[in-house]
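Let's take a walk through a protein model together. Have the sequence and the 3D view ready, and follow along as we go from the whole chain down to single residues.

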Amino acid sequence: MPSYVIANHNITNAEGYQEYSAKVGATIEAYGCKVLVAGTGATSMEGNAGEVTVVLEFPSREALQAWYNSPEYQEIINLRKNSTKGFLVFADQFVMPT
């Protein structure tokens, strides 16, 4: 079952975030990730959303967690954490109860 990374944040350090953005793509390829949403331009209908929204789809929670915990991602994770303010969550695909 697919699992998703959902992130929404404001950029607090443009240079650091640019470096993170240039490097993160290479870390997700090996884990079967599809980038569904990435960038600015979302319209906030309720609440106070950040300027950047990202939605990544992984084939499973195991693949998602393997990517997140991988040495390649852990090497750059602080570029994101130190350059943004917002949130990042993992969520599994919804299956309608029968």
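## Overall size

For 98 residues, a compact globule would have a radius of gyration near 13 Å, and the protein agrees with that at 14 Å. That radius is taken over C-alpha atoms, and the globule rule is 2.2 Å times the number of residues to the power 0.38. Along the principal axes, the C-alpha trace spans about 45 × 35 × 15 Å.

A quick word on what you're looking at: this is a predicted model, where local features need pLDDT of at least 70 and side-chain atom pairs count only at pLDDT 80 or more, while totals for chains, interfaces and linings use all residues. Residues are numbered from 1 along each chain as its sequence is written, and side-chain values use heavy atoms, with hydrogens and water left out.

You'll find 3 helices and 4 strands here. Starting at the N terminus, they run β-α-β-β-α-α-β. Helices (H or I, at least four residues) and strands (E, at least two) are DSSP runs, numbered from the N terminus.

What share of contacts between residues at least 6 apart in sequence joins residues at least 24 apart? The share is 77%, with contact meaning heavy atoms within 4.5 Å.

Helix 2 (residues 61-69) and helix 3 (residues 71-81) pack at about 70 degrees, and their axes are 6 Å apart. Axes are lines fitted to C-alpha atoms, for helices over the stretch in contact, and angles run from 0 to 180 degrees between N-to-C directions. The two helices are therefore roughly perpendicular (that label covers 65 to 115 degrees; under 35 is roughly parallel, over 145 roughly antiparallel, and the rest oblique).

On the helix 2 side, Trp-67, Tyr-68 and Asn-69 make the contact, and helix 3 brings Pro-71, Tyr-73, Gln-74, Ile-77, Arg-80 and Lys-81.

## Inside and outside

Of the 98 residues, 33% count as buried (under 20% relative accessible area; exposed means over 50%, and partly exposed is in between, using a 1.4 Å probe and protein chains only).

Is Ser-3 buried or exposed? Ser-3 is buried, at 0% relative accessibility. Ser-3 sits in strand 1 (residues 3-11), and its contacts beyond four places away in sequence include Leu-56, Phe-58, Leu-64 and Ala-91.

Now look at Val-95, in the segment after strand 4 (84-92). Val-95 is exposed, with a relative accessible area of 53%. Its C-alpha atom is separated by 17 Å from that of Val-5, 90 residues apart along the chain.
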